[in-house]
Amino acid sequence: MSGITEAEKYPASSGSSENSDILDLKNDEGWEDAEPDQEEFQFISLLDDEVFTDIHTMLKHCKEKHNFDFLQVRQRLGLDFYGNIKLVNYIRSQVHSGQNVSQDISKAEFEDDKYLKPVLEDDALLFSLDELQEVTEDVQSANSDKGKAVSGDSEPLAARVIELEEDLRRMQVQFDNYRSTVSQTLDERWNASGPSKSSEEKEEKRDDDSHYFSSYSYNDIHETMLKDSVRTDAYRDFIYNHKSLFAGKTVLDVGCGTGILSMFCAKAGAARVIAVDNSAIIDKARENIFNNGFADNITCLRGKIEQVTLPVDKVDIIVSEWMGYCLLYEAMLDSVIYARDKYLTPDGLMIPSHMNMWVAPVADPEYIIDHIAFWRDVYGFDMKAMQAGIHDDAQVLHMPARTVCADPFPFLQLSLHTTTVKDLVFKRKWQAKLKEDIDALDGFIIWFDSFFMPSREDVIPESARAEEWTKEGKKGIAFTTGPGGKETHWKQGVMLIDNTKEKPASHQAGEEISGQLEYAVPEDNSRALNVGMTWKFGEAKESTQTWKMR
């Protein structure tokens with residue numbers, strides 16, 4: 001999770017010529033390297049996304065634009081160091097969740113130790129709280145400095161350097177204590193083995209969304225998605241190739257991650273983009289957006305789309321990369337549908353617009369030998385115990401196209417302009433005909449094709465395949481996650497049949513196979529997915545199996 005890292009600031013001083021030798025550091029070995037390492041702070045406003053290089057200018061902005069006087073609030077409440085930390089993080093958490101912050105804020109509102117946990121990573125304001133004296137002290141200090149300047153009674157620079165070094169050491173100790181307190185607090189509140197964890201909390205189900213959102217707080221998953229050129233190029237190409245759709249429009253990016261799609265839209269001419277994410281990655285998205293010059297066009301909000309308050313009533317376009325393994329794993333589409341029903345204008349556009357889902361039987365004896373039968377002879381030892389449960393979970397693999405032993409069957413289409421949450425739990429019949437002889441049916445694979453169409457009126461046939469759509473040069477953009485296309489980070493969902501109980505039968509080309517495919521959500525985890533399958537060859541006995549994705 002986000003943490004605090006140390007930073008140092010070296011105030012510049014000026015003095016008379018008689019003391020200039022104290023600051024002449026050119027001949028002092030090692031000092032010449034200090035200046036380039038100095039970090040310039042960026043202070044993100046407490047109440048909006050504006051960024052400043054000076055803490056006082058930032059607080060002045062909050063006072064003048066939002067009528068919120070931070071200095072007056074902290075003076076009125078008489079806060080200690082940790083109280084100030086809590087106050088800052090409480091204000092930021094309220095703003096990120098779309099709540100208003102009152103000048104009449106009370107201590108009781110941010111007493112919880114959870115507000116010791118930083119909302120923004122490397123929040124410059126937290127580093128600089130020690131600079132802020134009480135309002136009366138600021139005035140007295142300013143008057144005192146003014147008097148000294150007039151009288152010419154400036155303190156010796158050497159003594160000033162010593163004073164600054166003491167201030168720096170004191171701040172380092174203070175922040176070490178702060179980190180220690182935060183670490184201890186987090187251990188007690190969020191570590192399952194922590195001594196203060198109640199038995200009720202220990203038994204809390206994982207379905208509280210915390211695991212889902214925290215998994216998107218780190219760089220690795222976003223690096224994987226961004227490096228998936230099939231995925232990222234499709235969004236970029238559609239947006240850039242249809243700039244007329246975005247010019248002057250308001251766009252909502254649901255689950256914005258690093259902010260890449262929001263920046264695509266802003267660069268394409270969108271007048272306003274609202275980027276929403278409930279993961280801590282939103283803080284980095286905000287920085288990415290500022291560093292690329294889009295802070296005036298893109299507003300970042302942290303929270304679930306079902307809970308945040310957007311600064312607009314309606315949007316013209318919703319863009320989102322919500323797709324999971326087997327398309328619906330992690331259930332993010334539910335949130336996109338919610339956003340569509342609440343915020344999209346009647347003639348608004350969903351990006352992407354259509355999903356075609358496919359299932360096909362596979363025969364891959366090499367994989368079975370390498371990963372299943374392998375356990376029956378490991379250096380001469382039978383380790384069949386390792387096979388227990390090996391067929392219970394769906395695998396995420398990129399299968400070679402040669403393993404698909406029948407033409408794929410299109411079992412479902414989702415049109416994002418009309419699909420409802422009820423459509424995401426279903427049973428669908430399917431059928432196929434073997435195109436080659438196989439020694440055994442080893443399993444099934446599921447994948448999806450994504451279509452990006454420029455109009456709500458565009459129709460995609462349920463049997464349309466993205467590979468052919470692209471080759472034929474049809475309108476819009478399309479890509480496949482299937483074995484016949486370039487590998488994506490989604491790969492395919494692979495359901496291996498448990499053939500360990502009895503010897504599987506061989507089958508010949510031309511034999512027909514049919515069955516029913518079911519998507520169901522387990523009661524104990526709404527983010528998980530159960531995939532059920534029944535199948536039979538011709539009039540033979542029907543087989544059934546269920547695989548879990550969790």
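Helix axes here are lines fitted to C-alpha atoms over the stretch in contact, and the angle between them runs from 0 to 180 degrees between N-to-C directions. Keep that in mind for the second stop. The model on screen is predicted.

**Whole chain.** Start with everything shown. The protein chain carries 17 helices and 17 strands. Of its 550 residues, 44% are buried. Now consider contacts between residues at least 6 apart in sequence: 74% of them join residues at least 24 apart.

**Helix pair.** Select residues 229-241, helix α11, and residues 260-267, helix α13. A packed pair of helices is described by the angle between the axes and the distance between them. Here the axes come within 9 Å and cross at roughly 20°. Angles under 35 degrees count as roughly parallel, so α11 is roughly parallel to α13. The crossing of α11 and α13 is right-handed.

Next, show side chains at the contact. On α11, pick T232, Y235, R236, I239 and Y240. On α13, pick L261, F264, C265 and K267. What is the make-up of this contact between α11 and α13, by nonpolar, polar and charged residues? Six are nonpolar, one is polar and two are charged.

**Loop residue T403.** Move to the loop between β9 (395-397) and β10 (409-415), and select T403. Is T403 buried or exposed? T403 has a relative accessible area of 0%, and buried means under 20%, so T403 is buried.

Now look around T403. A polar atom of its side chain lies 2.7 Å from the backbone oxygen of P400. Leaving aside residues up to four places away in sequence, T403 touches P361, V362, A363 and D364.

Terms used: Residues numbered from 1 in each chain as written. Predicted model: local features only at pLDDT ≥ 70, side-chain atom pairs only at ≥ 80, totals over all residues. Heavy atoms only, no water. Helix = DSSP H or I, 4+ residues; strand = E, 2+ residues; numbered from the N terminus. Parallel < 35°, antiparallel > 145°, perpendicular 65-115°, else oblique. Left-handed = near helix turned anticlockwise from the far one by under 90°. Contact = heavy atoms within 4.5 Å. Nonpolar A, V, L, I, M, F, W, Y, C, P; charged D, E, K, R; others polar. Buried < 20%, exposed > 50% of the residue type's maximum accessible area, 1.4 Å probe, protein only. Polar contact = N/O pair within 3.5 Å; in protein donor to acceptor, adjacent residues only side chain to side chain.
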